[in-house]
Amino acid sequence: MSEQKADMFIMTNAKMFESHMVPTIREKLVDADDRTWSAVQTLNLKDPTTMLIVSLLGGSLGIDRFMLGDTGMGVGKLLTCGGFGIWAIVDWFMIQGATRKKNMMKLSQIPELGINYVG
Amino acid sequence: MSAKKLYLFTIIGLLLGYAWIGFHTIKAQQESEKVYPTCLIKITTGYPCPACGTSRSIISLVDGNIKQAIYTNPFGLLMAFLMLLLPFWMLFDAIRKRQTYWKAYQKMETFFNYKPILILFIIIVLANWIWNIYKGL
């Protein structure tokens with residue numbers, strides 16, 4: 001993939017990933033084949049800021065965790081009033097990191113990129 | 001979520017849950033049956049959330065009053081069932097050195113990702129929410 005494309009992806013999506021992973025992502029993108037571009041482009045990445053808003057408003061109902069795909073945790077949060085309200089508050093601070101990790105997991109699921117990420 | 005994290009999370013949740021229920025059961029015998037609200041929705045808006053009343057439901061169940069438990073919040077029965085089941089399940093896993101609980105959890109997650117199930121679940125939760133507001137928990 002051309003450096004220009006990789007840079008374009010990084011510029012628009014840097015905030016979606018943990019900052020220490022960004023250089024690795026760029027490197028892998030440059031090394032990758034041009035055909036992976038469409039796969040990378042169509043990834044459904046979640047914006048951490050949006051998730052923070054969702055967590056602030058619907059955290060007690062577990063909506064943030066449902067959106068991230070952590071359905072089990074979502075159900076747990078929902079059935080316990082947001083974990084006695086404590087878990088909901090803790091998640092206001094954790095959800096952005098969790099979102100970035102989930103995004104990284106999604107990116108690592110593209111086999112052509114060859115990113116090893118266990119989260 | 002990794003298996004280790006899930007087991008740790010469940011153990012902490014169960015301990016908190018048992019402490020919470022135990023505290024309120026003892027308190028209910030001594031003075032009032034009032035349960036302290038911890039729910040953010042209830043505290044901020046004054047309206048109950050779908051899970052409000054779960055503690056009261058379980059406390060009624062401890063007293064042997066199943067009818068009252070269902071009337072307060074049917075989710076209480078589910079929670080009570082989980083609180084009874086999970087410690088034994090995790091103990092079984094620990095003794096047999098297997099991860100059946102974690103595998104079941106993952107199966108449950110994929111089960112909930114199936115659209116009709118998710119929609120049915122949301123409808124049940126919403127219905128329970130409306131009932132909660134109607135009851136004025």
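Axes here are lines fitted to C-alpha atoms, for helices over the stretch in contact, and angles run from 0 to 180 degrees between N-to-C directions. This is a predicted model, in which local features need pLDDT of at least 70, side-chain atom pairs count only at pLDDT 80 or more, and totals for chains, interfaces and linings use all residues. Residues are numbered from 1 along each chain, chains are lettered from A in the order written, and side-chain values use heavy atoms, without hydrogens and water.

**Exercise 1.** Describe how H1(B) and H6(B) pack.

Step 1. Find the helices, which are DSSP runs (H or I, at least four residues) numbered from the N terminus. H1 of chain B spans residues 3-30, and H6 of chain B spans 100-112.

Step 2. Take the geometry. The angle is about 95°, and the axes lie 10 Å apart.

Step 3. Classify. Angles of 65 to 115 degrees count as roughly perpendicular. H1(B) and H6(B) are therefore roughly perpendicular to each other.

Step 4. List the contact (heavy atoms within 4.5 Å). H1(B) brings B:Ala3, B:Leu6, B:Tyr7 and B:Thr10, while H6(B) brings B:Thr100, B:Tyr101, B:Trp102 and B:Tyr105.

**Exercise 2.** Which residues of H3(B) are buried, and what covers them?

Step 1. Buried means under 20% relative accessible area (1.4 Å probe, protein chains only). In H3 (residues 54-62), B:Thr54, B:Ser55, B:Ser57, B:Ile58, B:Ile59 and B:Ser60 are buried.

Step 2. Their cover includes H6 (71-79) of chain A, along with H1, H4 (66-72) and H5 (75-96) of chain B.

Step 3. Look past the helix. B:Gly64 follows H3(B) and has a positive phi, near 90°.

Notes. Helices (H or I, at least four residues) and strands (E, at least two) are DSSP runs, numbered from the N terminus. Angles under 35 degrees count as roughly parallel, over 145 as roughly antiparallel, 65 to 115 as roughly perpendicular and the rest as oblique. Buried means under 20% relative accessible area, exposed over 50%, partly exposed in between (1.4 Å probe, protein chains only).
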